[in-house]
Amino acid sequence: MTYRKDRSGDPGLADATRGRILFGGDYNPEQWPEETWHEDVRLMREAGVNSVTLGVFSWAKLEPEPGAREFGWLDRLMDLMHTNGVGVVLATPTSSPPPWLGRLHPDTLPRDENGRVEWWGGRQHFSHSSATYRRYAAAIAEDLAARYGGHPALTMWHINNEYCTADHGDEAAAAFRRWLRTRYGTLDALNTAWGTAFWSQGYDSWDGILPPRTPHYMKNPAQVLDFRRFTSDALLECYVAERDIVARHTPHVPVTTNFMPLFFGQDAWRWAEEEDVVSVDLYPDPRDPLGPQHGALIQDLTRSQARGPWMLMEQAAGPVNWRGVNHPKPRGLNRLWSLQAVARGADAVCYFQWRQSRQGAEKFHSGMVPHAGERGRTFQEVKQLGAELAAIGGEVTGRHIGADIAILHDWHAWWAAAQDGRPSAQVDHSAVLHAWHRALWEAHLTADFAHPEHDLAGYRLVVVPQLYTMTDAAIDNLLAYVRTGGVLVSGFLTGVADQDDRVRPGGMDPRLRELFGIHVLHEWWPLDEGETVDCDGFRGTLWSEEIEAEEGVAQSAYQGGELDGLPAVLRRDRAWYVSTLPEPDALRGLLTRIAAGAGVHPVLDGLPDRVEAVRRGDLLFLLNHGREPVTVDVPGAHTDLLTGDKAAERVTLGRYGVAVLRP
Ligand code: GLA
């Protein structure tokens, strides 16, 4: 698979921002009488809204019966937005088909692994593989593009919404077989890749191959892995089909589809290559002490997928309504997290949704205009933020963030690692990724993400939290990176299996073992939940390993217990291997030292805890994630773009305070 497609020549986010930060959100006017639309635009102007996403859930309104078209209401809205200076990100409504589609064409409905139909009455009840669904989706996309492609309000296309559905039905099964034929060519090759000699699973006919429907006992992991790959590709085909339709009408208008944050079901590296604008929806829990770290991870990942500025398509101005307990955002937090996104590369700060619904499944999900109306604190804070983003937009948009560190992540490795029958169900790829990113974040070290086969030459330090599967190309890439002077640090369960989830000789690829100085990897010793293992100078969690290391590579050893005296952290020249998950402070300390050795230093020295610092171009963003005011030493004289104040040497940040400093 090739990554880093050359997108020069295609439209991009800059075509929509034109030097402003896009500010606004999903607007669902079909839920409201037309009088409210006029109230909406008045408030949008007050809040500095310059962008709305229309039509995400409008299919039943646009096509109330098969083949009908009701565009009049949307015509009026497009005009209304344009007259009021609000650009429109126009969605194809294909994530929530009207009930008639499922009723008249049950083949459009997806089935879960038990064969149960996912009915209409919610949303996303479409089968990616249904020819009927694809035909109706293409037709409505075509007609929307034909009608609005030339409308002056149109700034961007938004295809579908949070693509996420799997399908185990018969049409999907046929599509899966076609996908497998393309991948393997012959049944022999498939049987070999899937290891079907185990448990008498050898296939004698393509027709015998099914999606991984519920069996009596554990599933074939290679089959599950390929089904995840197929599902991501099948959804991507749906996206590409609609993208190509709208792009044919409007080659100059950028196209996006919104990712869920670190969503398991999509190979987002692959998807991002097909987007003009990479956008994401992000909802950290306001109560989660690690909310800012999670936000930063998603922002860094999205920026890396975009290879530059990206779009925060949806966030919540207040509470969401899909957690067990849904906490509002305390005063100032919406502003802080919005500016955090800008600091980490967002050129668009948008919400789900403009006006809080009064009906439907999400009526208790906040909006920019809450049930409390314009006098509500949420709207007042939105208004303040809109004014601030307008003030700094010209200085910020288009600027890049330089990072010397790359964290490697690969969905295929995650999919392969997330199956039954593993050494420990406690080990979760996403949690491990979060732990390593958090350590860098807390050390004030800015990191990009990269795919293991990306060109890593521009980075001084490459961090591999965990890549359970690695292709030969990825291994070669890492070896070449270290050989040519790069510093590498890897966590456990890396390079264990190949792309078919076949364990590599010796339990870890021999080339990697040699790189790290691992002579024999005898056994893994996973830890129970909450259990720790003592090592020289720190405690490990989650995992430990019985390693026989080459002479002189052990940096730290296990203490006590069965592994007493055996190496815990190894280093051979520029390659480090960490065989446990050190507790957060220890991992931060270790990465700080390794980074310093690689010539990578924190954004600023001596930053107080909970203060995040990011450089975007020559701007320095300082973000106080704490509720207490703090003072930060900043060398040199600066102007704070948010206040216009000149600051020399010291900046004070109030509760959830932010400064955007220009030298
Ligand atoms: C995502 C979806 C929206 C809405 C919100 C709720 O962002 O795209 O349609 O469901 O979640 O948080």
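Predicted model: local features only at pLDDT ≥ 70, side-chain atom pairs only at ≥ 80, totals over all residues.
Reader: Where does the ligand sit, and what share of its accessible area does the protein cover?
Author: Its place is the largest pocket. Glu362 has a side-chain N or O atom 2.5 Å from an oxygen atom of the ligand. On its own the ligand has 310 Å² of accessible area, and the protein's cover comes to 97%.

Reader: Which classes of residue make up the shell around the ligand?
Author: The ligand's surroundings include Phe57, Trp322, Asn161, Asp281 and His365. Sorted by class, the shell has 4 nonpolar, 3 polar and 5 charged residues.

Reader: How many Å is it from a polar side-chain atom of Tyr283 to an oxygen atom of the ligand?
Author: Arg123 also puts a polar side-chain atom by a ligand oxygen, at 2.9 Å. For Tyr283, the value is 2.6 Å.

Reader: Is the peptide bond from Phe352 to Gln353 cis or trans?
Author: Phe352 is one of the residues surrounding the ligand, and Gln353 lies in the loop between strand 9 (346-351) and helix 13 (377-396). Omega for the bond joining them is near -5 degrees, and the bond is cis.

Reader: What is the phi of Arg307?
Author: Look in the loop between helix 11 (291-306) and strand 8 (310-314), where Arg307 is found. Arg307 is not a glycine, yet its phi is positive, at about 55 degrees.

Definitions and conventions: Residues numbered from 1 in each chain as written. Heavy atoms only, no water. Near = heavy atom within 4 Å. Polar contact = N/O pair within 3.5 Å; in protein donor to acceptor, adjacent residues only side chain to side chain. Areas by Shrake-Rupley, 256 points an atom, 1.4 Å probe, with all protein chains shown as cover. 1 Å grid on protein atoms, 1.4 Å probe; cavity = no way out; pocket = protein on both sides within 12 Å on 5 of 7 lines; lining within 4 Å. Sits in = over half its atoms within 2 Å of the grid points. Nonpolar A, V, L, I, M, F, W, Y, C, P; charged D, E, K, R; others polar. Helix = DSSP H or I, 4+ residues; strand = E, 2+ residues; numbered from the N terminus.
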